[in-house]
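Please look through the sequence and the structure shown here before reading on.

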Amino acid sequence: ASDTQRNIFAIIAAVLHLGNINFQGKEEASIVDASEPTVEIVCKLLGFDKSALVKALTTRSITVRGTTTVLNLKYPEAIDGRDALAKALYGNLFTWLVATINKTVGPKKGTAKLQIGILDIFGFEHFQVNSLEQLMINFTNEKLQQQFNNFIFKLEQEEYEKEKINWSSIQFVDNQDVLDLIEKRPLGILSILDEECKFPSATDTTFLNKLHSNHIKDKRYNKP
């Protein structure tokens, strides 16, 4: 429907405009005057109250024993909050779109038929600056590749051996070591990250040093 399309475009436009909102002040962040028109555009696109959006972008609330305290955000915190809002909007829109498309084009209940699907897996992408989000994307791709390897190569070839079928063994690159580096407990990258998040004094540097000390000899790990 045209209304749905307009709403989708409005959310995407709001995400783009959010990135243009700038702040000033180190200890108490505030929106610069030049960004006021952008704030109004975002509010119009999303149907937000301007004062509520400004408050959300520049303050945070803490509730202790029924008492709520509003604290001003520092400049880096305001930047992170703005980016987090943009990612949340885009992420939820993407999830909703996928669910809506699947519901529209998918088989109706009781009418499912056998089908052949094509899976195109992206390679491990490496950029000049790589965020946690990119790591999760790459991790997902590696999990999909492992699933593909397991069903197409490992299990099929094991079945051929059981059935004594005359066939030529297919050699493939097993990426299990990549998955172990990222997710294996207790010293995988994600496990160490989870542990570091529990320490109040943890920093990017302490996290990085733990990665170096635990994985420096891993052939899949390159120390930056």
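This is a predicted model: local features need pLDDT of at least 70, side-chain atom pairs count only at pLDDT 80 or more; totals for chains, interfaces and linings use all residues.

Residues are numbered from 1 along each chain as its sequence is written, and side-chain values use heavy atoms, with hydrogens and water left out.

Within α8, Phe207, Leu211, His212 and His215 are buried, a word that stands for under 20% relative accessible area, with exposed meaning over 50% and partly exposed in between (1.4 Å probe, protein chains only). Seen down the axis of α8, these buried residues fall within an arc of 135 degrees, so they line one face of the helix; the arc is that of the directions from the helix axis to the C-beta atoms. On the other side of α8, Thr205 and Ser213 are exposed. The buried residues of α8 pack against α6 and α7.

In α7, the buried residues are Ile189, Ser191, Ile192 and Glu196. Seen down the axis of α7, they fall within an arc of 165 degrees, so they too line one face of their helix. Their cover includes α5, α6 (176-183) and α8 (204-215).

How do α5 and α7 meet, and at what angle do their axes cross? The axes of α5 (residues 132-162) and α7 (residues 189-196) come within 13 Å and cross at roughly 145 degrees, where axes are lines fitted to C-alpha atoms, for helices over the stretch in contact, and angles run from 0 to 180 degrees between N-to-C directions. Leu132, Leu135, Met136 and Phe139 in α5 meet Ile189, Leu190 and Leu193 in α7, contact meaning heavy atoms within 4.5 Å.

Helix α5 also holds asparagine 149 and glutamine 157. Asparagine 149 counts as buried because its relative accessibility is 2%, and, not counting residues up to four places away in sequence, asparagine 149 touches Lys154, Phe172, Val173 and Asn175. Glutamine 157, at 11% relative accessibility, counts as buried; leaving aside neighbours within four places in sequence, glutamine 157 is in contact with Trp167, Ser169, Ile170 and Phe172.

Note on methods. Helices (H or I, at least four residues) and strands (E, at least two) are DSSP runs, numbered from the N terminus.
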